[in-house]
Amino acid sequence: MSGGSLAVAWDDALTHYDFGPGHPMAPVRVALTIALARSLGVLDEPSVTMVPPPPATDAELETVHDGEYIEAVRRAGRELRPEPMFGLGTPDDPVFEGMHEASALVAGATLAAARAVWSGSALHAASISGGLHHAMRRAASGFCVYNDPAIAIKWLLSAGAERIAYVDTDVHHGDGVQAAFYDDPRVLTISLHEHPATLFPGTGLPGDIGTGAGEGYAVNVALPAGTGDRGWLRALGAVVPDLVRAFRPTVLVTQHGCDSHALDPLAHLELSVDAQREAAVMLHDLAHEVCDGKWLATGGGGYAVVQVVPRTWTHLLAIAAGSPVDPSTEIPERWRDMARTLTGETAPSTMTDEAWTGYPSFSSGYDPGDPVDRAIMRTRSAVFAHHGLVAHL
């Protein structure tokens, strides 16, 4: 695996993105991730630079969001009252004090990561508090207020990037990012998610492929509930590398929601931390293959806040830093004590779920009796021809 420098956009104030007690999007998950990465020495690597981000400006937010919506977010966080027209004040997106400021800082972190990659100050950059891929132009949705991946992609395009590939491995469809670029052939959006028949937001069928000049540039892999490591990695390998290679992006942007894990309380896939780590390795290597290593990685969903999120995203940061953490590595007791103090949970003892992540390549043969293979083929049939690729083996 090729190495490279890593800029990590981080400020402790990013934990102020907090919908309150009992909400699944607990900010402790990102705090514990940074603490685990520190305790394992990942953030002390010579290749790593910590970048304190400024908040996104209104002008930057307005590249994706309507000005009236931004003002509604600011007003809701000041007056602490719902703004139903804009999706604010729902169970998913309750109003909290300083909502605009906290959300703008998350967007600013992902923008800072994008700037680091584009300027060349770092080959890779990470914004683990980011990945808020459901936010729409005029509405909060699915725990997401401002759509930081879309804002960062807009900035990269304005800075001169010719083509951006966005790969979303969150268990939920990356609907907000797709919507922002649905007619734009400069941005290839690929979302690998649980089938919309069984999970929020209820979108992301293989036939959703973009419109106008963007037809063929929205890609959706809708996997059946219960899909585990073998099928998920087979689907990732059967769709993503071929399309990204054909598209030849200037920068690769990835969203690493880890709510596809078997322990996640909000979804129905059955992945291990080991499979999620394998995906990060695949995407890292793909960035080096197709766009000279220019890679911006974000966090995303993930609600097993002790058992899954810190391990998966620490692996992500270590891979991006060029110093992968061996899955058999023991987790420091001091971090486990911290996790217990903050959450009451007993943390895992190692960085692995001890799961085998090998999988047969799709090129080994299509099995029409396998629901995962059928899902793969639906996606390939819908979009591969648009990129000069052959869908059928």
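The lining of the largest pocket comprises eight nonpolar, seven polar and three charged residues. This description, like those that follow, refers to a predicted model. In total, 18 residues line the pocket, and Gly 142, Phe 143, His 172, Phe 200 and Tyr 303 lie nearest its centre. The volume of this pocket is about 190 Å³.

In soluble globular proteins, nonpolar side chains tend to be buried together. The surroundings of Tyr 146 include residues of several kinds: when positions up to four places away in sequence are left out, Tyr 146 touches Leu 61, His 65, Tyr 69, Ile 70, Val 73, His 100, Ser 103, Ala 104, Leu 132, Ala 135 and Ile 151.

Helix H9 (residues 309-320) was considered in more detail. At 1.5 Å a residue, its 12 residues should span 16 Å, and the end C-alpha atoms are 16 Å apart, in agreement with this expectation. Because 12 of the 12 residues of H9 are buried, the helix is largely enclosed by the rest of the structure. The buried positions include Arg 311, Thr 312, Thr 314 and His 315, as well as Val 309, Trp 313, Leu 316, Leu 317 and Ile 319. The partners against which the buried residues of H9 pack are strand E1 (6-9), helix H1 (28-39), strand E3 (124-127), helix H8 (273-290), strand E8 (295-298) and H10. Just after H9, Gly 322 adopts a positive phi of about 80°.

Positive phi values also occur at residues other than glycine. Leu 80, which is not a glycine, has a positive phi of about 55° and is found in the loop between helix H3 (67-79) and H4. Glu 354, likewise not a glycine, has a positive phi of about 55°. This residue, Glu 354, lies in the loop between helix H10 (333-343) and helix H11 (371-383). With a relative accessible area of 70%, Glu 354 is exposed.

Terms used:
Residues are numbered from 1 along each chain as its sequence is written. Side-chain values use heavy atoms; hydrogens and water are left out. Contact means heavy atoms within 4.5 Å. Helices (H or I, at least four residues) and strands (E, at least two) are DSSP runs, numbered from the N terminus. Buried means under 20% relative accessible area, exposed over 50%, partly exposed in between (1.4 Å probe, protein chains only). On a 1 Å grid over the protein atoms alone, a cavity is a set of points where a 1.4 Å probe fits but cannot get out, and a pocket is an open set with protein on both sides within 12 Å along at least five of seven lines; lining residues have an atom within 4 Å of a point. Grid points are joined across faces, edges and corners, and a volume is the space filled by probe spheres set on the points. Ala, Val, Leu, Ile, Met, Phe, Trp, Tyr, Cys and Pro count as nonpolar, Asp, Glu, Lys and Arg as charged, and the others, Gly among them, as polar. The expected span of a helix is 1.5 Å times one less than its number of residues.
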